[in-house]
Amino acid sequence: MAANTLQNIYSELDWRGSIHQTTDRERLCSLLAENPQTVYAGFDPTSDGLHIGNFVPLMMLRRFQKAGHCPIVLAGGATGMIGDPSGKSEERNLLSAEQIEHNLQGIMDELGQFLDFESARPAILVNNYDWMKEWSYLTFLRDVGKHFPVNQMLAKESVKSRLDQSEAGMSYTEFSYMLLQAYDFVHLRQAYGCNLQVGGSDQWGNITAGIELGRRMGVGTLHGLTCPLLTKSDGAKMGKTEQGAIWLSAEKTSPYAFYQYWFNTDDADIDNCLRLLTELTEEEISALGEDRQTNPQNRQSQQRLAESLTLLVHGQQGLTGARRASEVLFGATISEMSDSDLTEIFADVPSEKLSRDTLGGEGLSIVDALCQAGLAKSRSDARRTVDQGGAYVNNARIENLDYRLGPGDLASETVVVLRSGKKRYALLKFL
RNA sequence: GGGGGGUUUCCCGAGCGGUCAAAGGGGUCAGACUGUAAAUCUGAUGGCAUAGCCUUCGCAGGUUCGAAUCCUGCACCCCCCA
């Protein structure tokens with residue numbers, strides 16, 4: 001790997017805004033410039049999949065690998081059993097062993113997807129349970145715990161903020177969390193020569209705990225680097241919607257929904273997202289910024305963001321499908337399509353099956369149709385929607401309350417596409 | 001242990017015998033404007049067979065022609081004094 005490639009990683013992370021805090025900047029820069037380094041980031045199995053909050057540190061590992069360094073992804077099979085108090089305002093409920101095992105399976109597969117395990121300098125996937133399980137409580141206390149001054153532990157933000165609120169408090173279990181993560185770092189240093197840990201800004205306390213432990217246990221100087229949390233301009237976390245988090249797995253968040261999430265990113269946040277999450281160059285991103293000033297209606301930035309992330313997470317096929325669905329959904333009237341096309345395009349749109357007979361005779365009233373499709377909570381609600389001009393059949397607005405669906409309203413062999421408002425779709429299948 | 005206050009529609013919060021399906025705000029939904037953005041503006045927001053009817057104001061009773069509003073009991077919450 002060329003030396004100049006190595007040199008660039010720090011400055012790249014810097015212009016991308018990926019650096020929140022680092023330990024001794026000078027030394028870290030020269031370390032990264034001189035030799036390929038092994039870098040690690042940990043992910044606890046708090047849920048059975050990764051969401052976009054995990055994305056920033058993952059992309060960071062990916063960038064390190066592309067720059068010629070060796071990334072280690074750590075799945076927290078052990079730490080997940082304890083629960084990280086960092087960034088949490090109250091004590092967490094412990095997950096059951098089965099739950100953790102299940103979650104671990106889910107995230108291990110996904111973690112692998114963003115890194116290259118085949119190259120000359122392959123990424124490494126580890127599970128901290130593998131080394132933590134060897135310890136007995138007594139030996140851990142003697143060999144590791146002895147190096148932790150409680151007064152320093154109490155000074156950590158994650159602990160202090162909890163103790164300051166008299167209501168919240170903290171269990172001894174959570175209090176001990178930082179020992180485990182600190183030891184992970186030391187272990188990875190010993191086993192893989194890993195000198196650098198990266199993570200979200202809320203991990204700073206845990207990372208420095210590891211560095212401190214390394215010093216006391218005499219494994220040498222360790223380094224830490226944190227990235228900012230992905231937030232919107234109004235301070236809210238990115239990736240949260242009314243329906244919940246945006247996940248990386250296609251089962252939890254469809255490629256279409258994923259694509260649309262990014263496509264709808266606020267102008268105020270888009271630059272930040274492009275820099276933190278994509279692999280577009282500085283030039284491309286600033287060109288997009290200019291285009292956004294002059295031709296905002298083209299939504300070039302949003303499109304590039306949505307495309308590059310969907311491609312990375314869901315592959316070419318996922319992207320093609322998402323893009324095609326977006327074209328049809330936000331396009332003109334839907335007609336003369338085939339069932340298979342519609343089913344594919346509206347893959348994650350709720351659908352209801354009805355008897356073909358309901359279309360015969362007088363047909364199905366628009367009010368009933370909206371209720372059946374789940375687009376209205378009650379008939380009153382459906383009436384309101386139509387009244388206010390928010391009801392659409394095959395993307396054509398229906399304003400007449402007495403409108404009845406008949407065979408002529410089928411967009412394909414058996415499907416009618418209903419919509420409420422701008423974006424809420426549902427299918428009725430008449431079989 | 002003594003004294004006081006509270007419980008209202010998704011949330012906060014007015015109402016304190018009829019004109020109350022219940023002010024106002026938030027949220028949500030829809031519309032307009034736009035760029036599938038933001039901001040803004042408008043409308044809607046218990047249900048139904050929708051000029052009408054039915055069900056809602058902690059729970060159960062009672063007073064009254066009539067109660068979210070008054071009385072009694074019960075449950076839960078909060079504050080002050082000890």
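Visitor: What lies 3.1 Å from a polar side-chain atom of Q302?

Guide: In this predicted model, that atom of Q302 lies 3.1 Å from a base nitrogen of RNA strand B.

Visitor: Why is a pair such as that of Y392 with a phosphate oxygen called a polar contact?

Guide: A polar contact is a pair of N or O atoms within 3.5 Å. A polar side-chain atom of Y392 lies 3.4 Å from a phosphate oxygen of RNA strand B, and therefore the pair meets the cut-off.

Visitor: Which part of RNA strand B supplies the atoms within 4 Å of the protein?

Guide: Sugar or phosphate accounts for 64% of them, and bases for the rest. By class, the nearby surface has 12 polar, 10 charged and four nonpolar residues. Helix 19 gives the largest share, four residues.

Visitor: What makes helix 14 roughly antiparallel to helix 15?

Guide: Helix 14 (residues 267-277) and helix 15 (residues 282-294) pack at about 165 degrees, their axes 10 Å apart. Angles over 145 degrees count as roughly antiparallel, so helix 14 is described in that way relative to helix 15.

Visitor: Which residues make the contact between helix 14 and helix 15?

Guide: Helix 14 contributes D267, I270, D271, L274 and R275, and helix 15 contributes I285, L288 and R292. Four of the contact residues are nonpolar, four are charged and none is polar.

Definitions and conventions
Residues numbered from 1 in each chain as written. Chains lettered and ligands numbered in written order. Predicted model: local features only at pLDDT ≥ 70, side-chain atom pairs only at ≥ 80, totals over all residues. Heavy atoms only, no water. Axes fitted to C-alpha atoms, helices over the stretch in contact; angles between N-to-C directions. Helix = DSSP H or I, 4+ residues; strand = E, 2+ residues; numbered from the N terminus. Parallel < 35°, antiparallel > 145°, perpendicular 65-115°, else oblique. Contact = heavy atoms within 4.5 Å. Nonpolar A, V, L, I, M, F, W, Y, C, P; charged D, E, K, R; others polar. Near = heavy atom within 4 Å. Polar contact = N/O pair within 3.5 Å; in protein donor to acceptor, adjacent residues only side chain to side chain.
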